[in-house]
Amino acid sequence: MDSLLIPVAQALLSGVLVGGVYGLLSIGFSLAFGVMRIVNFAHGDLVMYGMYVGVVAAAFGIDPLLMIPLSFLLMAALGAAQYLLVYKRFVGRATLQQLLAAIGLGLMLQMLAQIVFGADTRSAPSMFSMQFVTIGPLFVSAAQVIACGVAVVATLLVELLLLRTRWGKAVRAVADDIETAGVVGLSAQTINITAFALACGLAGIAGTVMGTYYPTDPSKGLSLMPIAIIATTIGGLGSIRGSFLGGVFCGVVQQCTALLWSSALQDVPLYVLLLLFIAYRPTGMFGLRTE
Amino acid sequence: MATAAVVRSAAPPRRVHRIWPLVPVALIALLPVLPGVNAYILAVTVRALIFIALGQAWNVVAGIGGQLSLGHGVFLGLGCYVTGVLFNLLGISPWFGVLAGMAVATLVALVMGAMTLRIRGIFFALATVAVSLACDQLARHYVALTGGDSGLALSFVGTSFWAAQSRSPAPFVYAGLVLVVVFYWITRVILASRFGLEMRAVRDDETAAAASGVRVFRTKLLGFLASAAMTAFAGGLYMQYYQAIDPESAFGLGQAIQLQLPALIGGLGSAAGPVLGGALMTVLSELTNWGSTKFDLVGVDILVYGLVLLLVVLWAPAGIVGLLRRPRP
C-alpha cells in the first residue's frame, strides 16, 4: 500500500499543477460563452499562438515568462478582431452556424501558424524549465509551479474584475439581459468586445506559461480544446470559478489515469465523464441554471 | 402577396427537376468506357462519389435535423475498421462486414444520442467531439486489433467480387454511383415524409415542434441513427477503395470537418446540396493538392477548407442551392 501512496500523491500534485493552467485556458472559453453565448472553438488556437509568442521570444534569448503581458495584449487584439469580423453577428445564440464559423476560423489560424512557424514541434524554455523542486519524496518542475501560480493569480484577478469593478458589473448585466442593459445606458457592443478580448487574452497567458514546460506545434491548440470543453462542462458553462476547478479536476484525472491505467489513454475517462455530465447534469457543478 | 406565395407552393414541381439529375448519372456510368478517360479521372470520380455519399449521410442529421455532429468520423471509422478487421482476421466478406459495421455504428450512435440529445443546444456537438477523440485514443492503443498509429491495411487478394476488391477503379465508380443515387433517393424520401417534416420542425423551433405534438427526442435520435448507419455503410466503400484506414483519417477532427463540407457548401438540408458541394469540394481539393505540392506549402488545403467554411457560413448559409434558387419576393 505504501508503495502506491507516493506515486498517487505525485500524480495528484502534478495533476493540480497541470490542471491550474487547464483552468486558466478554460475560464476564457467559459467567459465568452457566459457573456455572449459564443462557443469559441478557436480558443485553443489562441493558446497555441500564446505558446508561439514564447517560442519567438526564446529564439531571441528573451525569457518567455517576460512575454506574458505582450502575449495577453496580442491575443486580446486578435480576439477583438475575431469578434468584430465573425462573432458579432452571432451574439446571444450558440447556433450551428456560429460553431461552424469558429471551426473555420480555427482551421485558418492553425494553418497560418503552420505556414509561418512550420509543422515541427518547438519549445520555449524559461529560466525555470530545467529546475526541479523537491517536497519530501515528491518532486515537481519549477516551470510548472510558476505556470500554475500565474494561472491562479490571473483567475483571481478575473474574478475580482467581474465582481468588484463597474466594468464587471456591466458585463454581468449584459450577460443577464442584453436588452435591459441597453435601456439603462450600457453599450452592449463595447462591453462584449472588451469581454471577448479579455477571454482571448487569457488564452494567450495560458499558452505562454504552458509553453515553458510543454512543446508546441500548430495542432496543439485544437488538441487542447477537449480539455477546455470538458473542464467548462464539468465546472459549469459560464462559471469562472467552476471552469477553473474543472480544469484542475481534468489535470488530476489525466495524471491518475496515466499512473493507474495507461498514459496513452489518459483522456478517455474525461470523455466518459463529459458524456455523463451532459446526460445527467448539463449545468455542471456551478453552471448557469437557465438555457 | 400571401396569395401569390400560396399559389407558387401549390403549383406542381417543375418537370426539369426529374430529368436533370439523370444527366450526370449517365455520364458517370459511361465514364469507364469513354475514350480518353484515364485512371486519374476515374480515381478522382470515385473520391468525389465517396465524399458526396458521406456528405449526404451527414446532411440527414445536420441539414435536415439541425443537430451539429462533429463526430461523424466515428461512424466512418467504425464502418472502415469493422469491415477491415472482420475481413483480415476472420475472412468474412466485406459485403457482410459492412452490415456489421453499420450495426456497431448504430449501437454507438444510440448510446451517444440517448445520453446527449435530450437537452437542446450545443452539448450534442461537444459530446460528439469527445467521442471521436476517445475513439482516436482507443484505436491508437489497441494495436493488435487496429494496427495502432499506422492504421489498418486490408489484405489484398486481387480482383474479387466476394472480397469486394479490384485492381481497376472502374467497379468502384459503379459502386460509388449506386451509393450516391441511393443516398440521394433516401434523402428525398425523408424530406417528403412526415418524419422529415418533424425533423425540420425540431430544427427550426424545438419548443414549437413539441407544442405541435412532435416527439422531439425520438425524432432527433432516429435522424441521428439513420445518419450514422448511412455513414458507416459509406465507410465500408471507403475501406474497400482506399484499402487502409488510420486513426487520424477516421477519428481526427480534420476528417469530421471534411465530412461536413459537401453539405455546407452545397446547401444544408437539401438533397442536391451535398452532391453539388461534394463535386465542387473535390475539384477544389485536387487544385489545392496540386498547389501545395507545386509551391511546397503544406497545409494550404486545410487553410482553404477553413476559409471556404467561414465564407459559406457568413455569406451563403444556404450554400450553392440557396444561391441558385430564385430569391423569394
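Tutor: Helices, of at least four residues, and strands, of at least two, are DSSP runs numbered from the N terminus, and this model is a predicted one.

Student: Where does A164(B) lie in chain B?

Tutor: A164(B) is placed in the loop between β1 (152-153) and α9 (170-192) of chain B, and although A164(B) is not a glycine, its phi is positive, at about 50°.

Student: Why is A164(B) counted as buried?

Tutor: A residue is buried if 20 or more other C-beta atoms lie within 10 Å of its own; A164(B) has 22 C-beta neighbours inside 10 Å, and therefore counts as buried.

Student: Which loop holds Q243(B), and what makes Q243(B) partly exposed?

Tutor: Q243(B) belongs to the loop between α12 (216-242) and β2 (244-245) of chain B, and its phi, near 70°, is a positive value in a residue other than glycine. Partly exposed residues fall between the exposed limit of 12 or fewer and the buried limit of 20 or more, and Q243(B) has 14 other C-beta atoms within 10 Å, so Q243(B) is partly exposed.

Student: How many residues does each chain give to the contact?

Tutor: Chain A gives 34 residues and chain B gives 36 residues. On the side of chain A that touches chain B, the elements giving two or more residues are α4 (96-117), α9 (220-235) and α11 (268-280) of chain A, and the largest share, 14 residues, comes from α4(A).

Student: How do the residues on that side of chain A divide into nonpolar, polar and charged?

Tutor: The residues of the side of chain A that touches chain B comprise 27 nonpolar, five polar and two charged.

Key:
Residues are numbered from 1 along each chain as its sequence is written. Chains are lettered from A and ligands numbered from 1 in the order in which they are written. This is a predicted model: local features need pLDDT of at least 70, side-chain atom pairs count only at pLDDT 80 or more; totals for chains, interfaces and linings use all residues. Two residues are in contact if their C-beta atoms, placed from the backbone, lie within 7 Å. Ala, Val, Leu, Ile, Met, Phe, Trp, Tyr, Cys and Pro count as nonpolar, Asp, Glu, Lys and Arg as charged, and the others, Gly among them, as polar.
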